[in-house]
Amino acid sequence: MARPIDDRLTRLKNRRSGIDRFGTLTVDQQVEAITKSILEESWQKRATADKPHTRYALGAMQEVGADSTRISIETAERVGNQLNKGFEAQGRSVEFRLQGSVPLNVHIRQYSDVDLLTLDLGFLNYDQNGARARLGYYTPSNETTVGRLSLLRAQAENILINAFPQATVDKKGNKAINISGGSLPRSVDVVPSCWYDTIVWQVSGKEVDRAVKILDKSVPTTISNWPFLHIDRVSAKCATTLGGLRKSIRLAKSVKNDADAEIALPSFDIAGLMYHANMQALLAGYTYELAILAETQRWLDYLYRNQDYADAADP
């Protein structure tokens, strides 16, 4: 039986207030979450009580508060500062970047995890067919990427344990070290990684064209990611819809989260799916917000009914 809409509305409100993660919060955060859960947000007043589905759709589109997003980013920066001090003490240079839903502003939780790429500056990968590679810009290394990033991860785990003794450092994740609790207002996923200089980046020099290699310790192996290109493209396209694309992504993520059955579709893929929707239809949501619901539903239904098109690499 389908989950009642009142239950979905409760889950939505709990995510946006932080009640959904109440047991993992500090006492101050619990007080904040309770306070937020009592107060009504503006979307809750835009549809009458006899239109709960409309209320849910409107609420699911909205961004998490700016203060919450700011705190998430500041927490990641704080963790990065401690990691940097620890690595400097060991004579190792690193730098940090954010990836994922928070910097893209499509996160749907008050207390969202933040992905912090921890990049080893003493080691990188590069495409050997690129212009800089052909000109001899790079010096090949005898080290393997897996070996280098495995060491980076082990050192990062020890630094985090020593720098945040009251926090919980979870080392079980295959791609990230999670740190939460203690004095940290947000949970941070530390992702050991290094730069990957693509063919395009070797010409442009623009960070948006630069990729990263991240460690998957379960194999072990490395995975290539283009997080900055993803953020740049979604952001640019969203600008043409005056915010409609991000609202569509948040809506789809909320529906997935509140579905009766588990849907194995990560946030990155949901953003990719909605990136190819009809932008003119999403733009209409600037004046009539439920147009975003209509286009999101139309596009996902079309992909469901046209599996070959949905599976195409570049539709």
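Predicted model: local features only at pLDDT ≥ 70, side-chain atom pairs only at ≥ 80, totals over all residues.

Trainee: Let's start with helices. How many residues does α2 have, and what does it reach from its first C-alpha to its last?

Mentor: Helices are DSSP runs of H or I with at least four residues, strands are runs of E with at least two, and both are numbered from the N terminus. The expected span of a helix is 1.5 Å times one less than its number of residues. Helix α2 (residues 27-38) has 12 residues and reaches 17 Å, close to the expected 16 Å. For α7, the 19 residues should span 27 Å, and the end C-alpha atoms are 26 Å apart, which agrees.

Trainee: Which residues of α2 are buried?

Mentor: First the general idea: an α-helix has 3.6 residues a turn, so residues three or four places apart point the same way. Buried means under 20% relative accessible area, exposed over 50%, and partly exposed in between, with a 1.4 Å probe and protein chains only. In α2, the buried residues are Gln-29, Gln-30 and Ala-33. Seen down the axis of α2, they fall within an arc of 100°, so they line one face of the helix; the arc is that of the directions from the helix axis to the C-beta atoms. Val-27, Asp-28 and Ile-38 are exposed on the face of α2 turned away from its buried side. What covers the buried residues of α2 includes α1 (5-17).

Trainee: And which residues are buried in α7?

Mentor: Among them are Thr-145, Arg-148, Leu-149 and Leu-152. Ala-163, also found in α7, is partly exposed at 28% relative accessible area. The C-alpha atoms of Ala-163 and Lys-85 are separated by 9.5 Å, although these residues are 78 apart along the chain.

Trainee: Now strands. Do β1 and β2 run parallel or antiparallel?

Mentor: Two strands pair if DSSP finds at least two bridges between them. Strand β1 (residues 94-99) and β2 run antiparallel, joined by six bridges; Gln-99 has Asp-115 in β2 as its bridge partner. By contrast, β2 and β5 run parallel and are joined by nine bridges. There, Val-114 has Val-188 in β5 as its bridge partner.

Trainee: How many aromatic pairs does the structure hold?

Mentor: A pair of aromatic rings is described by the distance of the centres and the angle of the planes. Rings of Phe, Tyr and Trp (its six-membered ring) pair if their centres lie within 6.5 Å; planes under 30 degrees apart count as stacked, over 60 as edge-to-face and the rest as tilted. The structure holds seven such pairs. The rings of Tyr-126 and Tyr-138 have centres 4.2 Å apart and planes at 5°, so this pair is stacked. Tyr-126 lies in strand β2 (residues 114-126) and Tyr-138 in the loop between α6 (131-134) and α7 (145-163), so the pair ties together parts that are 12 residues apart in sequence. Tyr-126 is partly exposed at 22%, whereas Tyr-138 is buried at 11%. In contrast, the rings of Tyr-196 and Trp-226 have centres 6.2 Å apart and planes at 80°, so that pair is edge-to-face.

Trainee: Which residue has its charged end over the ring of Tyr-196?

Mentor: A charge sits over a ring if NZ of Lys or CZ of Arg is within 6 Å of the ring centre and within 35 degrees of the ring normal. For Tyr-196 it is Lys-213, 5.0 Å from the ring centre. Likewise, the charged end of Arg-210 sits over the ring of Trp-201, 4.3 Å from its centre.

Trainee: Finally, which peptide bond is cis?

Mentor: Most residues other than glycine have a negative phi, and most peptide bonds are trans. Here the bond from Val-219 to Pro-220 is cis, with omega near -10°. Asn-105 is not a glycine, yet has a positive phi of about 65°.

How values were computed: Residues numbered from 1 in each chain as written. Heavy atoms only, no water. Contact = heavy atoms within 4.5 Å.
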